[in-house]
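Dear colleague,

Please find below the structure that I am handing over to you, with its sequence.

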Amino acid sequence: MRWTSRDTRSLGIGLAYLAPSLILFAAFVFIPLAQSIYLSFFNTRATGVATTFAGLDHYLELLTSPAFRTGLLATTLFALYTVPVGIALGLVLAVMLNQRLRAINVFRTMMSSTIAISAAVGALIWLLLLNPSLGLLNYILSLVGVHGPDWLIQPTSAIIAVSLTTIWLTLGTNIIVLLAGLQGVPEEIYEAARLDGARGLRMFTRITMPMVSPSLFFLLVVDTIAVLQAFTQIHLLTRGGPVDATRVLVYSIYQDAFQNFQFGYASAQAVILLLLVMALTLIQFRFVERRVHYQ
Amino acid sequence: MRKFLGIALALTMVASACGGSAPGGSDSAALAPSKDVTPAATITWWHAMSGVNGDALNKIVAGFNSSQSKIKVETVFQGNYDDLLAKLNTAIASNAAPALVQVYDIGQRYMYDSAQVVPMQAFIDRDKFDTKDFEPAVINYYKYQDKLQSMPFNASTPMLYYNKDAFKEVGLDPAKPPVTFTEIADAAKKLTKKDASGTTVRFGFGPSIYGWLFEQLMATSGQLYADNGNGRDNRATKVVYNNAAGKAILDWWKAGVDGGYFFNPGIDNDGAANAFNAQKTAMYIESTARLRGHITTVAGKFDIGTGLYPRPDSKPKEGGNIIGGASLYIMKSRPPAEQQAAWEFVKYAMTPAVQGQWQSDTGYYPIVKAAYDTGPSKEWSTKYPQFLTAITAIRDSPQNRMTNGAVIGVMPQARMRVNKMIESVLLGQATSQAALDAAVTEMNAAIDKYNKANP
Amino acid sequence: MSVRLVLTYALLVVGSIIVAFPLLIALSYSLMSESEIATFPPPLLTTRPTLNNYADVLDTIPIGRYLLNSFIVSTAVVAGQLITASLAAYAFSFLVFRGRQALFFVFLSTLMIPWEATIIPNYMTIRTIGWLDTYQGLAVPFMATAFGTFLLRQAFLQIPRELWDAARIDGASSFRFLVSTVIPLSRPILGTVAIYGFLSTYNQYFWPLLITNQTLMRTTQVGIAQLRFEETLRFGLVMAGVVMVAVPTLALLVLGQRQLVRGLTAGAVKG
């Protein structure tokens with residue numbers, strides 16, 4: 001189709017509405033991103049000033065470095081432990097909260113309270129609980145006869161510890177979104193299913209789940225992006241350890257940029273992270289969204 | 001206009017006088033602003049002291065500000081040492097550095113290579129400032145090729161903290177704490193207590209995994225950490241701790257944890273301190289800067305003892321402790337007037353009266369020896385003789401390259417890498433030698449990269 | 001009361017306590033003295049409650065000022081976001097123009113860019129235009145939101161097309177329609193965007209840390225991080241700070257929780 005003057009006019013109008021957002025995005029997202037990408041091809045001084053051209057050196061070094069592979073593994077495990085469990089738990093609790101009972105709002109508020117807690121605050125509280133020296137969580141577990149692991153000392157339990165903290169932090173969002181999704185399901189659909197003889201678990205898997213699948217999908221995308229960018233909890237709980245067990249990509253970028261002052265190298269990692277997130281989101285949209293049931 | 005010309009003329013005369021001077025000393029004086037430059041009315045000081053120590057720091061600044069009306073120092077707390085350095089790094093890149101900044105011991109090489117510092121030696125030479133009374137160990141740490149780059153401000157050293165009540169309980173002499181690796185292991189075995197179900201309720205020894213403690217153990221073992229005289233004779237090109245001494249340290253540590261008489265708090269230094277306070281551990285190693293905090297929190301529940309920092313059984317004569325803490329740097333990017341004002345403050349901070357008060361308010365020991373004769377300092381040492389352990393340790397340590405401490409551009413990274421190394425050994429993921437070699441290889445590559453990027 | 005009802009309530013109570021447990025512990029520890037905390041085994045409830053920690057927090061950091069700063073910045077960001085996102089969402093839902101799809105993906109992409117990739121250049125920019133230690137520096141970079149734009153777009157798409165057609169026939173400009181019809185009808189979802197925006201700005205840590213050098217311009221999260229000292233970690237003090245900082249956001253949640261759910265039900269997550 002040929003471009004007409006009418007097209008120009010309507011594009012102009014459209015851009016006028018998008019302008020405020022686009023200008024801000026350009027200034028604070030796209031141009032800085034371009035600067036970082038530029039930096040990823042250079043060697044840098046400690047102060048971030050580019051010195052000599054490095055070409056693809058940083059990228060090649062990353063792809064062949066075992067530390068990078070450890071980082072990818074840590075990131076993957078962290079995402080796998082956190083996202084599905086967080087959403088599943090959110091769904092179970094949201095179903096429990098989706099009942100017309102007296103004072104149900106009190107319970108709803110209590111369970112979604114974590115949405116108001118920042119990552120820094122949450123991590124500090126969990127540091128108190130998981131701390132090997134104070135051992136509060138393990139003490140409570142021992143009261144019921146469970147012997148808790150050395151949370152932040154052992155590599156496996158350290159990832160679980162960070163995961164646990166993150167699941168708790170995102171629980172509020174998950175519950176609120178899923179509750180909204182559940183409340184959007186028309187009562188008639190349940191009625192009809194009941195008439196057909198559906199009960200309990202069957203009702204849940206055949207009716208409830210598909211009906212809230214848009215919310216589930218929304219949370220899948222949003223939580224994955226959030227988990228892949230999680231930093232504060234790791235910084236406060238494990239600093240990327242023990243032995244790099246929790247040194248996810250985002251944390252290694254932070255360390256290389258702000259502790260080791262290697263901005264070119266860190267920028268290369270940031271670019272790779274960006275590509276990873278984009279790829280993952282695209283995959284989710286392409287393969288998972290198919291199974292989402294829209295009304 | 002005439003006044004300006006007059007000053008300009010004076011400056012050129014002074015500059016030419018300095019420019020053609022004899023080598024070996026007054027060369028660096030030229031880097032400082034001329035003596036006649038009027039100090040700025042206000043300057044900013046970035047620091048990393050908070051809590052009790054932060055209060056003490058602000059007390060010093062308040063004292064300075066009220067003692068004269070020409071200069072006002074404003075302090076800004078920038079988080080811990082790591083955060084402050086990261087902040088400074090970004091500020092340097094955009095020309096936003098303050099006039100005075102407190103940087104930790106291991107930031108030395110970075111500050112030097114940044115070429116953003118006016119060396120303290122410049123002011124010392126210009127004013128012929130007397131540093132004879134300064135603690136030699138402290139001064140030597142902050143000198144590079146015989147020139148003092150920064151002014152030491154808060155000096156500490158690590159020592160052994162132990163629970164005297166627990167010692168008495170198991171029949172150990174509370175007046176004679178263990179000093180060598182074997183003595184500590186033996187004492188720890190005796191001090192470890194288990195309850196009826198077999199859970200350990202008290203561990204003998206609970207050191208946190210901290211690169212600094214390892215550096216100190218290498219120093220008391222009389223070993224270099226890096227080549228080229230620990231990076232002080234010339235730029236370091238590699239780290240050298242993967243030798244028998246390094247292995248001995250790790251083997252001792254691992255045996256303790258495996259044997260169940262050493263507690264492993266991980267990298268949580270605060271946790272190790274809390275464990276000691278809660279009597280979950282009977283001994284641990286940490287900086288003297290924590291002494292005041294311990295005394296306050298323990299509040300008399302048990303008697304705190306302090307002893308010398310651990311060393312190998314052979315007690316090598318060349319071995320000793322390295323000083324820790326932080327020092328003050330004057331930044332070049334600020335106008336000469338501000339540099340001048342910063343120097344005025346530095347001089348004030350080094351007076352014995354101020355140093356004596358600082359010591360008793362914090363636990364750091366004075367940079368100037370005359371401070372020990374001041375009232376607050378005497379009071380302090382009488383009340384808390386435990387404090388004297390640290391300064392005795394420093395004074396008894398021989399002054400050599402090993403005890404001067406390592407100077408590497410990537411020291412912060414090196415310290416964290418050692419954390420990982422110790423973790424991998426304690427978790428059984430690697431043998432001591434393998435872990436040492438892996439850390440050394442990785443750090444040597446990093447040092448190489450740094451040296452290439454900062455010619 | 002049926003057994004089923006009792007069971008349901010019991011489950012809800014247990015569940016709520018487990019979820020809110022960390023917050024309850026924070027509250028409990030904030031009332032304990034350091035010596036009480038430094039015991040083994042660790043205490044759960046205090047036997048000698050004290051408000052000293054709260055007094056110490058007030059002594060140590062100007063928390064009132066921090067709360068004010070956070071409030072000002074968060075409100076500014078919310079105002080900015082509501083304006084920019086409404087305009088953009090409107091364009092993506094009601095206006096037709098070529099390149100709309102492509103521009104939509106441009107918006108989408110901003111969600112995926114990690115903050116480390118942009119933070120240093122952003123710092124340099126803010127420094128160059130002299131916005132360090134200012135409210136503008138803290139707020140302006142966040143005044144556009146792709147997330148908010150999407151939420152609003154979904155809600156706008158639910159508005160009956162007939163209203164739009166009728167307005168066009170009446171000769172109303174597109175802007176008129178936005179202001180007089182779309183916005184009033186979308187109040188719930190606008191409330192949701194506002195609450196989300198407020199919470200995420202309030203909870204920021206790294207950016208305020210980077211661009212504020214003056215103590216008086218700092219925000220709450222940076223403020224409580226200052227309670228972690230170089231030589232000791234006083235959990236009682238930190239927990240008191242944590243409680244003081246979390247109370248405003250929890251209050252907001254209590255007031256706005258129904259709003260949030262309603263806003264999200266209004267079509268945002270139905271696809």
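This is a predicted model: local features need pLDDT of at least 70, side-chain atom pairs count only at pLDDT 80 or more; totals for chains, interfaces and linings use all residues.

Chain A has a mean pLDDT of 86, with 98% of its residues at 70 or more. Within chain A, confidence is highest in helix α3 (residues 66-97), at a mean of 92, and lowest in strand β2 (residues 50-53), at 80.

In chain B, strand β12 (residues 304-307) is covered on both faces. B:I304 and B:T306 are buried on one side, and B:G305 and B:G307 are buried on the other. Strand β8 (residues 158-163) of chain B runs antiparallel to β12(B), and four bridges join the two. Within this pairing, B:T306 of β12(B) is the bridge partner of B:Y161.

C:L45 is found in the loop between α2 (34-37) and α3 (52-60) of chain C. With a relative accessibility of 67%, C:L45 counts as exposed, because the cut-off for that class is over 50%.

Turning to charged pairs, the structure holds 26 salt bridges over all chains.

B:D127 counts as buried at 18% relative accessibility, whereas B:K35 is exposed at 51%.

A salt bridge also joins B:K238 to B:D227, with 3.9 Å between the closest N and O atoms. This pair links distant parts of the chain, eleven residues apart: B:K238 lies in the loop between α11 (227-231) and α12 (244-259) of chain B, and B:D227 in helix α11. B:D227 is buried, with a relative accessible area of 12%, while B:K238 is partly exposed, at 40%.

In the pair B:D258 and B:K254, the closest N and O atoms are 3.0 Å apart. Both residues lie in helix α12 of chain B, and because they are four residues apart there, about one helical turn separates them. B:D258 counts as exposed at 52% relative accessibility, and B:K254 as partly exposed at 22%. Finally, salt bridges with shared partners join B:K35, B:R126, B:D127, B:E344 and B:K347 into one network.

With kind regards

Conventions. Residues are numbered from 1 along each chain as its sequence is written. Chains are lettered from A and ligands numbered from 1 in the order in which they are written. Side-chain values use heavy atoms; hydrogens and water are left out. Buried means under 20% relative accessible area, exposed over 50%, partly exposed in between (1.4 Å probe, protein chains only). Two strands pair if DSSP finds at least two bridges between them. pLDDT is the predictor's confidence in each residue, from 0 to 100. A salt bridge is a side-chain nitrogen of Lys or Arg within 4 Å of a carboxyl oxygen of Asp or Glu.
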